[in-house]
Amino acid sequence: MTTSGFPILLALLLLPLVGGIVVAFLKRDDRLAKWVALGFALAELVLAVVSLAFYHASGARIQLAGSATWIASFGVHLSFGVDGIALVMLVMIALLVPIVIGASWAEKLPEGRSAAGFFALVLVLESLVIAVFAATDVFLFYVLFEIMLIPMYFLIGGYGGSRRQYAAVKFFLYSFLGGLLMLASAIGCWAYAQSVTGTGTFDWATLSTVVSHAPLSTQIWIFLGFFFAFAIKAPLIPFHTWLPDATAEAPVGVGVILVGVLDKVGVFGFLRYNLPLTPHASKVLAPLLLVLAVAGVLYGSMLAAGQSDMKRIVAYVSVAHFGFIALGVFAFTQQSQVGAVTYMVNHSLSTGMLLIVIGMIAARGRSFAVDDYGGMAKITPLLAGMMFLAGLTTLSLPGTNSFVSEFLVLLGAYPNDPVYSILAAVGMVLAALYVLWLYQRVMQGPLRGNALVSVAGGPGAMRDPATSAGNAIRDLTGRERWVLAPMVVLIVVLGVYPKPLLDIVGPSVQATLSAVSVQGGN
Amino acid sequence: MPVPAGGIAAAAWLLLALPALGATVLLVGGRRTNGWGHLLGCLTIVAAFGYGLALFLNSTGLPVAQRVQNLHLFSWIPVGNLQVDFGLRLDPLSLTFVLLITGVGGLIHIYSIGYMSHDRDRRKFFAYLNLFVASMLLLVLANGFVTLYLGWEGVGLASYLLIGWYQDRPSAATAAKKAFLMNRVGDVGLAIAIFILYTHLHTTQFTEVFALAHTLSPATLTAVAMLLLLGACGKSGQFPLQAWLPDAMEGPTPVSALIHAATMVTAGVYLVARSHPIYDLTANGRLLVTIIGTITLLIGCVIGCAYDDIKKVLAYSTVSQIGYMMLAVGLGPVGYALGIAHLLSHGFFKAGLFLGAGSVMHAMDDETDMRRFGGLLRRMPITAVTFGLGYLAIIGFPGLSGYFTKGAIIDAAFGQPGWRGWAFGIAAVVGAGLTAFYMTRLVIMTFFGDARWKKLRNNEGKDYHPHESSPVMTIPMVILAIGSIGAGAYFIIGDRLANWLSPSLGALAPTGHSPLSGTTLTVLDLVVIALGVLAAILVVGRRPVPVVRPEPVSWPVRAARADLYGNALNEALIARPGTWLDRALVFTDNKGVDGMVNGLAALFGGGSGRLRRLQTGFVRSYALSMLGGAVLLVAALLMVRFS
Amino acid sequence: MTPTYYLLLSALLFTLGAVGVLVRRNAIVVFMCVELMLNAVNLTLVTFARINGSLSGQVMAFFVMVVAAAEVVIGLAIIMAIFRTRRSSSVDDSNLLKY
């Protein structure tokens, strides 16, 4: 553990929180609130990029670390620090939040809600999620894991669609239930540490050397508590049903954070807590996880093909992608786990972009139903191109970012678990099916659909793009281009030259794996 | 062993970069590039061709041992013991393909200037064409399976974009999607083959894989060979994944020429030839390739006889000709070079035929039904003559390309030992006869006989005014026609191509002992071809062609018109059960999985609703329950104490 | 005189109070019965203090008295307020606080 560079991590943790509080007081002037929020988000991004320079991939396991005592009698500390996996997630969040703010710039909020409140909540959420990824104390992690739900609850329940209350409560209860089970496991870890060493502790580094030698039955109970929390969060089937509802009801920007960042806590938890703390149980229970993962890939893909709401499609696509990620994590090879970690980043980019593009489509047609659209490529070619690109990275076309991770997951899983790898590879075909079918229904074919025709004032006005100068449906605006541009660039760059990302992630994955193979009795 | 690329070859990345740059500029530049976009598109390809030619000449000057060169560009996916490098392999095989792709591709680019001149989005079309060429070049230049896979799927992407060019037509969008999906099925096979190779050899680069291939167990080798074949079937439209290729004719005709005749569909043949060190070691794998090739060549011929759509006939002819190539490369060291030779000569004449068909369609207001053509020879002489040369080449008229390359394949097929020689040889000869039949039928219906279009109106209700196309379209056709005359003889006589390719494919093995002598075979071949031509003349040349397709017809024709039920089979076995499964799963998810969650919530909600009723609001009933509770508590305490 | 009689008396008083709370409707009477129960308990406490020779029972009884006094003040005030608004001192009439 190296502590140099902790101030920058502290700044990363606090800056969005401060930003959120400042923005919350700017209720009078929505415009100012947006700009201030964007300013804080961009400053955070700069900080995150700078923090990359302080991280040495080949250095200690946990870096930029710092700690303070919180509840001395229980050995709870406010300790933070990052490894390679957490670091790339931090950068990803810092990148995604300005994009989300840009994408939500013109979001139509429900009656009586202010933009300041929305953006303040987004910033506070950013701060909390960063803290979750940076926490190195199990109890602190648990507390943040639960607190993180609160701004999300208000974002969905306060700013969402017509069934937002239902979705928000479902999201909250589901996650909260998982969190409580995790609390039980965390206390179990503490108690076990006390019974072995005489002093109970929640410190992750200590626990990962103590609990990992616990007998198998103890490990399994501890594993299961963490597992339920993370499986719900990830989400793995059959714990996934809150995600489509939450994604469909949340505003698009919130959906991006939900799918792109919040859900990653689940997979991150598998890698950071399940594997190092309970390596033996992880090995023993891995087949179960692999079955769930592969089932998730196929089931999510099939359901994505069968949905009629664009946001729900993205939600099920995420379920399928999380299946791939879980497959990578529990295949226990260097390649598959590096694939899983980079998949987390790439999934944020690809699904985030798809969701944002869908939001842009809905901003024009005022509907998320696929059937309300058709032939849009004719009037909005650039938007269509962006949707297609987002689709390509979603279906992991080589040359885009997702390919590298999906390929690594499947290739890494093959040597030990060939059957699962082959079954998951079928998901590649299904991915092409749901992406291209969605694209075909929305963008291709003759112009049709209630959403487009009603907005444009009748089918006649739409047919000839040349005469539709006064048409309500326009191609991408300047703001929208700025929102999408960084994602496009990253999608291509990470697809062609992923080496920097792989290099940061590699050593941390190596450490996780060696913990499993040394202490997992293999 | 490959040597590092030096000298002029050190900049071989330019081959990829030029078309990729063209595509990027045209796509990012948007409407600003409308004025000169098509010129940039052509220029990048022509420049790549020029550079490719220089590389080729440079390579011919090198000693044979140095002709296989490796150019390392950068480390692409390095994780643990997996080191995927992004690099190029410059050897006779890849350079040959580079010349084919940029040469024929360049001609098609130039042709497209004229063909697409009325399209508002012409520069986007050129961007896609450039993207396609870049992907295809990457496919053939890759020095490892993963890089090849990148080009492989890139080609699939470009073909998706180009097939779906008229994307407001639902049929075009569906055809594009179908092409991509069926390709993806093949891609999965290729991907799994890569996983197996990595599992056993811990590398995916060609040089290492081929050097270590002999350490693999026979079962593994066969599995890899079959999975690679699955990939090849997807990309090359081979049985059982052939159904997408004819549908792909929804794209503009230059696309059909570029993707579905000259380059993309040959990728499967390339893959098998490139992986020859693996196929050399597995006779079973090779046999499967041959069988697939034979089945496909017959399927293609039979269906080609029944269609009236000029592009679909050519599409099925492509399916069948690629069947010949697969048959050839499946024969092993005897046939690798022959397959490539047929591939090259086919690249010339099929591109010429497609461009000719495009020229006819251009003249006939995008009509593709041959029953509405007829007597176009006088109206479009250049098209007719160049098309005629392509036609003679494809049926194997003595002296032209097809005669040499196809004849060599038939000889090699007969040279196989035992029943195989007879089975494959006879199938190949029958295929040649059928090819002669349907191509003659096509030529007669299009260029000869009554001018049936004179009595008909086009889609917009106007008369047809067929006319010769502009020079920008005819000149590429002329060049391709010259290629279809001479290429075959040049490649085959003296085993010129085989010798040139030997650093990549190994030396050409002598054809096995054939039960029939060479002369007998040639005569047999020619007689069958003549019979095919004669039959066609009797069927469509001597009788008036009805403008409306005759119904009902005998069952073989019905079956052929229905693509030998290939689509129906896909529909019944995959599409419909898939849809049902999908609906069932959506239902299960909503009612089952989510139903359980909501049910649990309802259980708690309902239960607490019942329990709530106990709160009556009467103080005295509360007091009673408190008293009861207290009594119970005391009783329990006493029981514990005194028991 | 053995302390047992005091305990029996207190049990009797407590039972009387409890039955009164349960069967009477008039809030004042219920209230008085509650006081009866409290004082029964006080008697028990004092008795036990005497038996055990310890002062803590008597101290506890004083506590109960203080609490009871406070309770009387608040309870009577509530009963008065309810009577003023509802014109009734029956405990069954004020049952608004329910499901």
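Helices (H or I, at least four residues) and strands (E, at least two) are DSSP runs, numbered from the N terminus. In this sense Thr24(B) is found in helix α1, residues 13–29 of chain B. The model is a predicted one, in which local features need pLDDT of at least 70 and side-chain atom pairs count only at pLDDT 80 or more, while totals for chains, interfaces and linings use all residues. Residues are numbered from 1 along each chain as its sequence is written, and chains are lettered from A and ligands numbered from 1 in the order in which they are written.

Thr24(B) counts as partly exposed because it has 16 C-beta neighbours inside 10 Å; a residue is buried with 20 or more other C-beta atoms within 10 Å of its own, exposed with 12 or fewer, and partly exposed in between, the C-beta atoms being placed from the backbone. Although Thr24(B) and Tyr128(B) are 104 residues apart in sequence, they are 9.6 Å apart in space, C-alpha to C-alpha.

Turning to the meeting of two chains, 42 residues of chain A are in contact with 37 residues of chain B, where contact requires C-beta atoms, placed from the backbone, to lie within 7 Å. On the side of chain A that touches chain B, the largest share, 11 residues, comes from α18(A).
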